[in-house]
Amino acid sequence: FSAVIGNPPWEKLKVNVHEFNNLNGAGGHYGAKVNLKSREKARLEQDRTRIANSAQVLGERYPLSAEGEFDLYKAFIELSYRIVADNGQIGLIVPAGLIRSSSTKKLREEIFSRSSKLTISILDNRSNFFAIDTRFKFLIVHASLGERRRAPISLQHARGTESGIETTGRAKISRS
């Protein structure tokens, strides 16, 4: 493809008690103490095993994304670099864990090595772009691929406004 543009799912492949309870109609807020009956505990463990097996299969398909807890956005980034043309463009909205987490090191190295031009904009959710915590940070990643000279990485801070996004700070970072 000449361009890959997307907002991949930001979902870790794991089952926690809170989500299990909500899916089974028990409700409750995140972090509340949960007392599961033995039958529910067995179902929770079955769900955890099933999801862990799925994460293992995906980790084999997307090895750069397999370190740490498997998060679908990482696999989508890896897939984007596989399906984009050699001189294509990639534009993705992903969690800030891409630049902050040690488990994304291999994926970052791939992005840095394959992108001739790379701009990463850091935003928080104060403008309520998404139905998540307003303090949550996310990235807009724009990569140009090709054999051109590799430009320094452009890092930007931005914020949401009523009419769009405003860049509030810029820095260039060397590839090394």
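This is a predicted model: local features need pLDDT of at least 70, side-chain atom pairs count only at pLDDT 80 or more; totals for chains, interfaces and linings use all residues.
W10 counts as partly exposed, at 21% relative accessibility. Ring pairs link W10 to a cluster with F129, F136 and F138. Elsewhere, six strands form an open sheet, and helix 3 and helix 5 each lie across several of its strands.

**Aromatic rings**

- The structure holds three aromatic pairs.
- One of them is W10 with F136, and this pair is stacked.
- Its ring centres are 5.6 Å apart, with 25° between the planes.
- Planes under 30 degrees apart count as stacked, so 25° qualifies.
- W10 sits in the loop between strand 1 and helix 1 (17-23). F136 sits in the loop between strand 3 and strand 4.
- F138 lies in strand 4, 128 residues from W10. This pair, too, links distant parts of the chain.
- Is F138 buried or exposed? F138 is buried, with a relative accessible area of 2%.

- The six strands of the open sheet run in the order 1-2-4-3-5-6. Their pairing is mixed.
- Which strands form the edges? They are strand 1 (3-6) and strand 6 (164-173), and each pairs on one side only.
- From one strand to the next, the twist averages 20°.
- Strand 3 and strand 5 pair in the parallel sense, over four bridges.
- Strand 5 (residues 153-161) and strand 6 pair in the antiparallel sense, over nine bridges.
- Strand 5 and strand 6 also form a hairpin, with two residues between them.

**Bridge partners to find**

- Start at T119: its bridge partner in strand 5 is S154.
- Continue from S154: its bridge partner in strand 6 is K172.
- Then look at G160, which stands opposite I165 in strand 6.

**Helices across the sheet**

- Helix 3 (residues 72-83) lies across strand 1, strand 2 (89-95), strand 3 (115-124) and strand 4 (137-145).
- Helix 3 runs at about 175° to strand 2.
- Helix 5 (residues 105-114) lies across strand 3, strand 4 and strand 5.
- Helix 5 runs at about 130° to strand 3.

**A closer look at helix 3**

- How does the span of helix 3 agree with 1.5 Å a residue? Its 12 residues should span 16 Å, and its end C-alpha atoms are 16 Å apart, which agrees.
- The buried residues of helix 3 are L72, Y73, K74, A75, I77, E78, S80 and Y81.
- Take S80 from that list. Its relative accessible area is 4%, so S80 is buried.
- What does S80 touch? Leaving out residues up to four places away in sequence, S80 touches V4, I90 and L92.

Key: Residues are numbered from 1 along each chain as its sequence is written. Side-chain values use heavy atoms; hydrogens and water are left out. Two strands pair if DSSP finds at least two bridges between them. Axes are lines fitted to C-alpha atoms, for helices over the stretch in contact, and angles run from 0 to 180 degrees between N-to-C directions. Contact means heavy atoms within 4.5 Å. The expected span of a helix is 1.5 Å times one less than its number of residues. Buried means under 20% relative accessible area, exposed over 50%, partly exposed in between (1.4 Å probe, protein chains only). Rings of Phe, Tyr and Trp (its six-membered ring) pair if their centres lie within 6.5 Å; planes under 30 degrees apart count as stacked, over 60 as edge-to-face and the rest as tilted.
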